[in-house]
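Please look at the sequence and the structure first, and then read the points below.

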Amino acid sequence: YRFTWFDYQDVDRSDALNTMGVYLTWMPKKWLNVYVGSSFNINESDVDAFDYETTNIGGGVGIHFTF
């Protein structure tokens, strides 16, 4: 979870951004990572046009190099 407060100086606006996320990583080999993640964001603004909710889901495969 992450909370961010934006207080805009040039306009009469402030936003409260709430971000929640879950990320899982599985390492079947020392050199291979498999991961999936999801996040959900709520932006609460005192200007209605900037109120929103978003959901992001993603995944991938990575190769891990150690030096």
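The notes that follow describe the sheet, its strand pairs, selected side-chain contacts and the confidence of the model.

The structure is a predicted model. In this model, 4 strands form an open sheet in the order β1-β2-β3-β4, with antiparallel pairing. The chain averages a pLDDT of 91, and 100% of the residues score at least 70.

**The sheet as a whole**

- Strands of a sheet pair through backbone hydrogen bonds, and the pairing may be parallel or antiparallel.
- In this sheet the pairing is antiparallel, and the strands follow the order β1-β2-β3-β4.
- The edge strands are β1 (2-8) and β4 (52-63), each of which pairs on one side only.
- On average, neighbouring strands of this sheet are turned by 20° against each other, direction ignored.

**Strands β1 and β2**

- Strands β1 and β2 pair in the antiparallel sense over 7 bridges.
- These two strands, β1 and β2, form a hairpin with 4 residues between them.
- Within this pair, the bridge partner of Y8 is R13 in β2.

**Strands β2 and β3**

- Strand β2 covers residues 13-29 and strand β3 covers residues 32-45; they pair in the antiparallel sense over 13 bridges.
- Across this pair, T19 stands opposite N41 in β3.

**Strands β3 and β4**

- Strands β3 and β4 run antiparallel and are joined by 12 bridges.
- A hairpin of 6 residues links β3 to β4.
- The bridge partner of N43 is Y52, in β4.
- Strand β4 lies largely in the open, because the number of buried residues is 1 out of its 12.

**The aromatic pair**

- Two aromatic rings are described by the distance of their centres and the angle of their planes.
- The count for this model comes to 1 aromatic pair.
- The rings of F6 and Y8 have centres 6.3 Å apart and planes at 25°; the pair is stacked because planes under 30 degrees apart count as such.
- F6 lies in strand β1.
- F6 has a relative accessibility of 33% and therefore counts as partly exposed.
- Y8 is likewise partly exposed, with a relative accessible area of 33%.
- F6 and H64 are 58 residues apart in sequence, and their C-alpha atoms are 37 Å apart in space.

**The contacts of R13**

- The count comes to 1 salt bridge.
- R13 forms a salt bridge with D15, and the closest N and O atoms of the two are 2.6 Å apart.
- The charged end of R13 also sits over the ring of F50, 3.6 Å from the centre of that ring.
- R13 has a relative accessibility of 15% and so counts as buried, the cut-off being under 20%.
- D15 is buried as well, with a relative accessible area of 1%.

**Confidence of the prediction**

Notes: Residues numbered from 1 in each chain as written. Predicted model: local features only at pLDDT ≥ 70, side-chain atom pairs only at ≥ 80, totals over all residues. Heavy atoms only, no water. Pairing = 2+ DSSP bridges. Axes fitted to C-alpha atoms, helices over the stretch in contact; angles between N-to-C directions. Phe/Tyr/Trp six-rings, centres within 6.5 Å; stacked < 30°, edge-to-face > 60°. Buried < 20%, exposed > 50% of the residue type's maximum accessible area, 1.4 Å probe, protein only. Lys NZ or Arg CZ within 6 Å of the ring centre and 35° of its normal. Salt bridge = Lys/Arg side-chain N within 4 Å of Asp/Glu carboxyl O. pLDDT = per-residue confidence, 0-100.
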